[in-house]
Amino acid sequence: MDIIEIIKNRRSCRTFTSEELNKNDKAELEKYIKENALGLKKESIPFKIIEKEDKDIPLKINYGMIQGHKTYVLGSSLSNSDSRINYGYLMEKIVLKASEFNISSCWVGYFDPNYFKEINIKKGYEIPSILILGYAEKQSVGERLVRMTIKANKRNDWETMFFDLNTKSPLDPKQIPAYADALEMLRLSPSSGNTQPWKVFYDKEAREFHFFKKIINKRYNEMGLHEIDMGIAMAHFELTSTYKGLSGTWHKQEKKINGIPDDLHYIWTWKCAAMQG
Ligand SMILES: Cc1cc2nc3c(=O)[nH]c(=O)nc-3n(C[C@H](O)[C@H](O)[C@H](O)COP(=O)(O)O)c2cc1C
């Protein structure tokens with residue numbers, strides 16, 4: 001499966017069989033995690049796969065009606081915006097790699113961090129979210145209800161998310177054929193409560209995509225979850241661009257970008273190395 005198929009097929013799973021991860025799958029995933037621990041600004045976030053046993057007290061999860069969970073991936077980020085973005089960016093790559101092995105997952109932002117004694121949280125660090133991994137069981141009624149309530153299958157339209165920096169008008173896939181898949185795969189990203197806080201402005205002349213965060217849910221934002229959402233979207237965009245042979249790099253724009261609505265918060269810029277198509 002290529003990255004486009006993997007992204008299109010991925011769904012959050014909330015009903016897991018109580019099986020442990022198959023040894024080969026786990027070893028492959030651990031190898032991938034080790035080799036991909038470096039995020040933006042070369043920040044390293046070592047993630048760990050943690051397997052709880054049936055005799056352990058189960059992790060209480062506040063929302064989502066998640067059942068059968070016993071395997072988790074987590075690490076810690078610094079308690080700041082860029083580090084949480086990195087956490088989302090690196091962890092989503094793990095989500096997609098796991099999907100490649102038919103391992104299902106669910107991001108969880110509401111959980112008790114004290115449950116994980118395996119992770120030493122240093123001062124100034126936090127666990128901004130965790131990932132549950134496992135094999136999918138038939139969806140429970142509760143899971144179907146949660147998905148319906150948060151409209152998990154729906155995503156906002158292109159015109160609410162992607163804009164031409166020059167005209168500030170919505171960007172149409174036909175205007176930008178080479179990057180249409182990368183933006184579409186960004187649009188299909190998962191986000192906390194399916195809030196999709198992503199806004200992207202494309203600068204045709206400079207061949208840059210500027211990523212902004214719009215606060216959709218104040219509580220999620222205070223918990224740092226919108227920053228995780230931003231990192232996830234960046235991972236989808238980058239992996240799809242690279243798959244399409246369109247290389248580029250992330251950087252921070254030094255100058256203020258004019259004409260952007262006040263309620264948007266600048267995050268990162270993708271500079272295209274070569275424009276094709
Ligand atoms: C950072 C983050 C935190 C999340 N937290 C939870 C959670 O606490 N409980 C839950 O059931 N789902 C959680 N989700 C899953 C989202 O609800 C889900 O990704 C979204 O509704 C889109 O559905 P999909 O992943 O099936 O495409 C979280 C997702 C993200 C990205």
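This report describes selected helices, strands and salt bridges of a predicted model.

**Helix α3**

Helix α3 spans residues 81-100 and contains 20 residues. From its first C-alpha to its last it reaches 29 Å, close to the 28 Å expected at 1.5 Å a residue. Of its 20 residues, 17 are buried, so α3 is largely enclosed by the rest of the structure. Just after the helix comes N102, with a positive phi of about 65°.

Strand β4 is joined by five bridges to strand β6, residues 130-134, and the two run antiparallel. Within this pairing, C106 has I132 of β6 as its bridge partner.

**Helix α4**

Helix α4 is formed by residues 141-149, and its buried residues are G142, E143, V146 and R147. These four lie on the same side of α4, because they cover an arc of only 135° around the axis. V141, M148 and T149 are exposed on the other side of α4. The helix is followed by K151, whose phi is positive and near 50°.

**Salt bridges**

The model has 17 salt bridges.

| Salt bridge | Distance | Location |
|---|---|---|
| K271 and E208 | 3.6 Å | strand β11 and strand β9 |
| E227 and K213 | 3.7 Å | helix α7 and strand β9 |
| K218 and E222 | 4.0 Å | helix α6 |

The salt bridge between K271 and E208 has an N to O distance of 3.6 Å. This pair links distant parts of the chain, with K271 in strand β11 (residues 264-272) and E208 in strand β9 (residues 208-214), 63 residues apart. K271 counts as partly exposed at 31% relative accessibility, whereas E208 is buried, with a relative accessible area of 7%.

In the salt bridge of E227 with K213, the closest N and O atoms are 3.7 Å apart. Since E227 lies in helix α7 and K213 in strand β9, the pair ties together parts that are 14 residues apart in sequence. E227 is buried at a relative accessible area of 8%, and K213 is buried at 7%. These two residues also belong to a network of salt bridges that links R84, E126, K213 and E227.

The side chains of K218 and E222 meet at 4.0 Å, N to O. K218 and E222 are four residues apart in helix α6 (residues 218-222), so they are separated by about one helical turn.

**K214 in strand β9**

K214 is another residue of strand β9. Its relative accessibility is 26%, so K214 counts as partly exposed. Not counting residues up to four places away in sequence, K214 touches P197, K199, H226, D263 and L264. Between K214 and I4 there are 26 Å in space, C-alpha to C-alpha, and the two are 210 residues apart in sequence.

**Y243 in helix α7**

Helix α7 runs over residues 225-243, and Y243 lies within it. Is Y243 buried, partly exposed or exposed? Y243 is partly exposed, because its relative accessible area is 43%, a value between the limits of 20% for buried and 50% for exposed. Leaving aside neighbours within four places in sequence, Y243 is in contact with D2, I3 and I4. Y243 and Y220 are 23 residues apart along the chain, and 31 Å separate their C-alpha atoms.

Notes
Residues are numbered from 1 along each chain as its sequence is written. This is a predicted model: local features need pLDDT of at least 70, side-chain atom pairs count only at pLDDT 80 or more; totals for chains, interfaces and linings use all residues. Side-chain values use heavy atoms; hydrogens and water are left out. Buried means under 20% relative accessible area, exposed over 50%, partly exposed in between (1.4 Å probe, protein chains only). Contact means heavy atoms within 4.5 Å. The arc is that of the directions from the helix axis to the C-beta atoms. The expected span of a helix is 1.5 Å times one less than its number of residues. Two strands pair if DSSP finds at least two bridges between them.
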